[in-house]
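Reader: I would like to go through the terms used for this model one by one. Please set each value against its cut-off.

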Amino acid sequence: MIKNERQYRITRAQADGLSRTLESLSRRAGVAHPLIAKAQEDALKSQIEDLQSELRDYESLLSGGFRPGDLQTIAKLPTMLIRARIAQGLSQKDLAKRLGLKEQQIQRYEATDYASASLTRIREVAGALGASEGQ
């Protein structure tokens, strides 16, 4: 994720540079083995698409493409974690074991709606409940 204008400029420059590299590969068609050339082309296209996606996302955010209502998810996160644990048939002890913690720690987190948990710990809990990065 692009987080500031500096990263935006760097990402733009990388995307432009990769696009130029892709164009020069196309002009040199026939120089490399066809399978190697295809692999290089596919790799460059994939990298360019990833960078362009990040650029579009940042540009969308700059133009107001974020809904403050999306932040509601954060407010609901503690309840979602507890509900996910219960829905998976896990006890607080089971979750604690997955995380290498004591059951009492999970009890404290849930009793306070994870108020004392760090963001890192909340991510670990979400991961232990099956959430993956990027979701």
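Author: What follows is a set of questions on terms, each answered from the values. This is a predicted model, where local features need pLDDT of at least 70, side-chain atom pairs count only at pLDDT 80 or more, and totals for chains, interfaces and linings use all residues. Residues are numbered from 1 along each chain as its sequence is written, and side-chain values use heavy atoms, with hydrogens and water left out.

Reader: Why is T11 called buried?

Author: Buried means under 20% relative accessible area, exposed means over 50%, and partly exposed lies in between (1.4 Å probe, protein chains only). T11 has 7%, so T11 is buried. T11 sits in helix 1. Helices are DSSP runs of H or I with at least four residues, strands are runs of E with at least two, and both are numbered from the N terminus.

Reader: What does T11 touch?

Author: Contact means heavy atoms within 4.5 Å. Leaving aside residues up to four places away in sequence, T11 touches I2, L51 and L55. L51 and L55 are among the buried residues of helix 2, as are L44, I48 and Y58. The buried residues of helix 2 pack against helix 1 (5–27).

Reader: How do you know that the length of helix 2 agrees with its residue count?

Author: The expected span is 1.5 Å times one less than the number of residues. Helix 2 (residues 34–62) has 29 residues, so it should span 42 Å. Its end C-alpha atoms are 42 Å apart, which agrees. Just after helix 2, G64 takes a positive phi of about 90°.

Reader: What makes K38 and D42 a salt bridge?

Author: The term asks for a side-chain nitrogen of Lys or Arg within 4 Å of a carboxyl oxygen of Asp or Glu. The closest N and O atoms of K38 and D42 are 3.0 Å apart. The whole structure has five salt bridges. K38 and D42 are four residues apart in helix 2, so about one helical turn separates them. An α-helix has 3.6 residues a turn, so residues three or four places apart point the same way.

Reader: Why is K38 called partly exposed?

Author: K38 has 45% relative accessibility, so K38 counts as partly exposed. D42, at 34%, is partly exposed too.

Reader: Which residue does K45 meet in a salt bridge?

Author: K45 meets E41, at 2.9 Å from N to O. K45 and E41 are four residues apart in helix 2, so about one helical turn lies between them. K45 is partly exposed at 35%, and E41 is partly exposed at 26%.

Reader: Where do R85 and E110 lie?

Author: R85 and E110 form a salt bridge at 2.7 Å, N to O. The pair links distant parts of the chain: R85 is in helix 3 and E110 in helix 5 (residues 103–111), 25 residues apart. Both R85 and E110 are buried.

Reader: How many aromatic pairs are there?

Author: Rings of Phe, Tyr and Trp (its six-membered ring) pair if their centres lie within 6.5 Å; planes under 30 degrees apart count as stacked, over 60 as edge-to-face and the rest as tilted. This rule gives two aromatic pairs. In one of them, Y109 and Y114 have ring centres 5.5 Å apart and planes at 20°, so the pair is stacked. Y109 and Y114 are both buried.

Reader: Why is I74 called exposed?

Author: I74 has a relative accessible area of 59%, so I74 is exposed. I74 is placed in helix 3 (residues 72–87).
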